[in-house]
Amino acid sequence: MKKIITLLVLISLNSQAQDRPKLVVGIVVDQMKMDYLYRFSNDFSANGFKRLTNDGYVFQNMQYNYMPTYTGPGHASIYTGTTPSTHGIVGNEWFSRKLGKEMYCTDDASVKTIGDGTKNEGEMSPKNLLSTTITDELRLSTNFKGKVIGMSLKDRGAILPAGHFANWAFWYSKTGAFISSSFYGEKLPDWVTEFNIEKHYMTYINKGWDLLKPLASYNESLADNNPYEGKLNGANPVFPYNLKEMYDKNDAGIIRATPFGNDLLEEFAKKAIEKEELGKDDITDFLTVSFSSTDYVGHNLGPRSIELQDTYLRLDLTIADFLNYLDKTVGKGNYLVFLTADHAGAENAKFLNDNKYNVTNIEPKEIAKTLKKFSKDIYGENLVLNYSNFNLFFDKEVIKTKGLKLKKVKKEFKEFLMTQDQVKRVYSEEEILANTGSDFYLNCIAKGYDPTQDGDLVILDKPGYIEYGPTGTSHGTPYSYDTHVPLIFYGWNIKKGESHDRKEISQIAPTLAQKLKITFPNGTEAKVLTEVLDK
């Protein structure tokens, strides 16, 4: 009888332990289009992306539901379960109407660099993030016993997912070290200092970058050194790349724009799991990992470059290795992984134009110049305070001094903008704040709009146009090429399956809250992905 009672107690304890996973790993792949899972699948291994898609739950139609689709807002939206209009991260950097100057999404002059980074690189924190994150709620729900660590090559990719209560967030410096800020502590953990001293990045730099597979395998991409590619760290876009030569001319930051930035981050993530003992007890920990090299390569060389394909083929192997590491250290069935992206990306406009689609690129500084010329021609003075992130700000002091009516100025600028080839629609602050949801694009803009930080007018370009240079690519619009990203749940209590229904990025965090049985992040609308809540 005693043996039976003991067995029942053990079963009960085990059941309680399985109420939550030991470790949650959030993986964000910067600038990843859903299309890449299909386009490159023939060259993927069986154990990376295919392991996730074959054994996990795949949301085939995950969409961003706001504009602008940039890295900072993307990471914030994934982890807060809401959009920029609520969480306040309205761009990577933006002109703040409230402050009257440009600001960066994680700027914080009240903190200092921790580690071997420059002064500016470490003056960062989540103070501009107005909502709590799912990682914050995990910390609160475990009485701060569950650990939260965020990491990325980019500061914003580490800080925003980790939230306000994280144990640590780490990001990569151009010195070659992972650094942090005094927001998290007074000195780096010893294991981080040791990792930095070992200079792991030099292994990749000394090796250089050549193709992973034979050239014929890259038939999903354009020819090497095509006219739609920019330079990579100053070098012509032709394999092989001499990374040591680039490093000698620049600094250790050059590794960001190679697939090896992702490899370096994975090494660092494995070291964090080991040294911080993540997933070693029954109190759930959370590790956020944002792979940024895909974004650097995409911006420089475009979505049809061999370099981008090679970066994804190598990331596939990196993910396979990371999953195997989790199997061995945390244990199969003990960890929950989700993989998504902070935004997708457009085709190169010149590439589309050369293939008979009448679109083009136009650089933001040229738009600003055109607007200032119009202003001087009509009003005799420049009324444009700033143009950035599709937002036009007026200098209200000048307008007042000249005795002009702001309402009339907005109307005349709107009429002028509608004559420009790239412009589809222009919305005023009043129209955005009065949004009813009936206009799809206005609704996207409203969800990304903060009246204390955004402009007097917001411009929506026509599909296919890019506010960027002639080579590479960019993102930011509410069109599907910028909003359609992968979402895969894998591991603890996740059944195999897929959905083709439209889902929205702000559903991830509240779904995790339900899955983990913790409080919702405080800004979320709490719409969940029921498909992964059933055991």
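Q: What makes strand β6 and β7 a pair, and in which sense do they run?
A: In this predicted model, β6 (residues 148-152) and β7 are joined by four bridges and run parallel. Pairing calls for at least two bridges, so β6 and β7 count as paired. Within the pair, G150 stands opposite A169 of β7. From β6 the chain passes through helix α8 (residues 155-162) to β7, and this β-α-β crossover is right-handed.

Q: What makes β7 and β8 count as paired?
A: Two bridges join β7 to strand β8 (residues 178-181), and the strands run antiparallel. Two is enough, because the requirement is at least two bridges. Y172 stands opposite F178 in β8. Five residues lie between the strands of this hairpin, and G176 there has a positive phi near 95 degrees.

Q: How do you know that both faces of β7 are covered?
A: On one side W168, F170 and Y172 are buried, and on the other A169 and W171 are buried. Five of the five residues of β7 (residues 168-172) are buried, so the strand is described as mostly covered.

Q: Why are α13 and α14 called roughly antiparallel?
A: Their axes cross at roughly 170 degrees and come within 9 Å. Angles over 145 degrees count as roughly antiparallel, and therefore α13 and α14 are given that description. The contact involves T294, V297, G298 and L301 in α13, which meet E307, L308, T311, Y312 and L315 in α14.

Q: Why is N389 called buried?
A: Its relative accessibility is 18%. Buried means under 20%, so N389 counts as buried. N389 is in the loop between β11 (384-388) and β12 (391-394). Its phi is near 50 degrees, a positive value in a residue other than glycine.

Q: Why is A526 called partly exposed?
A: A526 has a relative accessible area of 31%. A526 is in the segment after α22 (508-516), and its phi is positive, about 65 degrees, although A526 is not a glycine.

Q: What is the peptide bond from M67 to P68, cis or trans?
A: The bond is cis, with omega near 20 degrees. P68 is in the loop between β2 (57-63) and α4 (71-80). A cis peptide bond also joins F239 and P240, with omega about -5 degrees.

Q: Which residues have the most contacts inside the largest nonpolar core?
A: They are L287, Y312, L326 and F489, in a core of 119 residues. Helix α14 (residues 306-329) gives the largest share of this core, 10 residues.

Conventions
Residues numbered from 1 in each chain as written. Predicted model: local features only at pLDDT ≥ 70, side-chain atom pairs only at ≥ 80, totals over all residues. Heavy atoms only, no water. Buried < 20%, exposed > 50% of the residue type's maximum accessible area, 1.4 Å probe, protein only. Right-handed = clockwise from strand over helix to strand, strands pointing away. Core = buried A, V, L, I, M, F, W, Y, C linked by side-chain atoms within 4.5 Å. Axes fitted to C-alpha atoms, helices over the stretch in contact; angles between N-to-C directions. Parallel < 35°, antiparallel > 145°, perpendicular 65-115°, else oblique. Contact = heavy atoms within 4.5 Å.
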